[in-house]
Amino acid sequence: MADGEGLVSVDYEVSGKVQGVFFRKYTQGEAKRLGLVGWVQNTSHGTVQGQIQGPTARVRELQEWLRKIGSPQSRISRAEFSNEKKITALEHKDFQILK
């Protein structure tokens, strides 16, 4: 594997107008388009959180999407990423929307 193409896992939380605007559905679609696995869910305090896993470069693309784009009706005020770590194998089979 080329340098920077190892697998990483990153947790995220996105704040702003991100609930009730199909944010989870669009996040799932974008993750699948990029070939990433993980999950996304709404939180009780009005944010969306989840985990992304996959090749570093693709994870970076989704992080940028979560930071700047989101779903068409969303307004992102902040995207925070935490617990980034290199992994040797994916821990999820696909990208799921959790309730």
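1. Helix α1 spans residues 23–33, and its residues F23, T27, E30 and A31 are buried, where buried means under 20% relative accessible area, exposed over 50% and partly exposed in between, with a 1.4 Å probe and protein chains only. Viewed down the axis of α1, these buried residues fall within an arc of 100°, so they line one face of the helix; the arc is that of the directions from the helix axis to the C-beta atoms.

2. This is a predicted model, in which local features need pLDDT of at least 70 and side-chain atom pairs count only at pLDDT 80 or more, while totals for chains, interfaces and linings use all residues. Residues are numbered from 1 along each chain as its sequence is written, and side-chain values use heavy atoms, with hydrogens and water left out.

3. The exposed residues K25 and R33 sit on the face of α1 turned away from its buried side. K25 lies over the face of Y26, at 6.0 Å from the ring centre; a charge sits over a ring if NZ of Lys or CZ of Arg is within 6 Å of the ring centre and within 35 degrees of the ring normal. Just after α1, G35 has a positive phi of about 75°.

4. The cover over the buried residues of α1 includes β1 (7–17), β2 (37–42), β3 (48–55), α2 (56–68), β4 (75–87) and β5 (95–97). Helices (H or I, at least four residues) and strands (E, at least two) are DSSP runs, numbered from the N terminus.

5. The largest nonpolar core has 19 residues, and Y12, V14, F23, L36, I52, L62 and L66 have the most contacts inside it. Such a core is a set of buried Ala, Val, Leu, Ile, Met, Phe, Trp, Tyr and Cys residues joined through side-chain atoms within 4.5 Å. Two or more residues of this core come from each of β1, α1, β3 and α2. Leaving aside residues up to four places away in sequence, L66 touches Y12, V14, F23, T27, I52, I76, A79 and F81, a contact being heavy atoms within 4.5 Å.

6. The model has 1 aromatic pair, counted when ring centres of Phe, Tyr and Trp (its six-membered ring) lie within 6.5 Å; planes under 30 degrees apart are stacked, over 60 edge-to-face and the rest tilted. The rings of F23 and W65 have centres 6.1 Å apart and planes at 45°, so the pair is tilted. F23 belongs to α1 and W65 to α2, 42 residues apart. F23 is buried at 1% relative accessible area, and W65 is buried at 8%.
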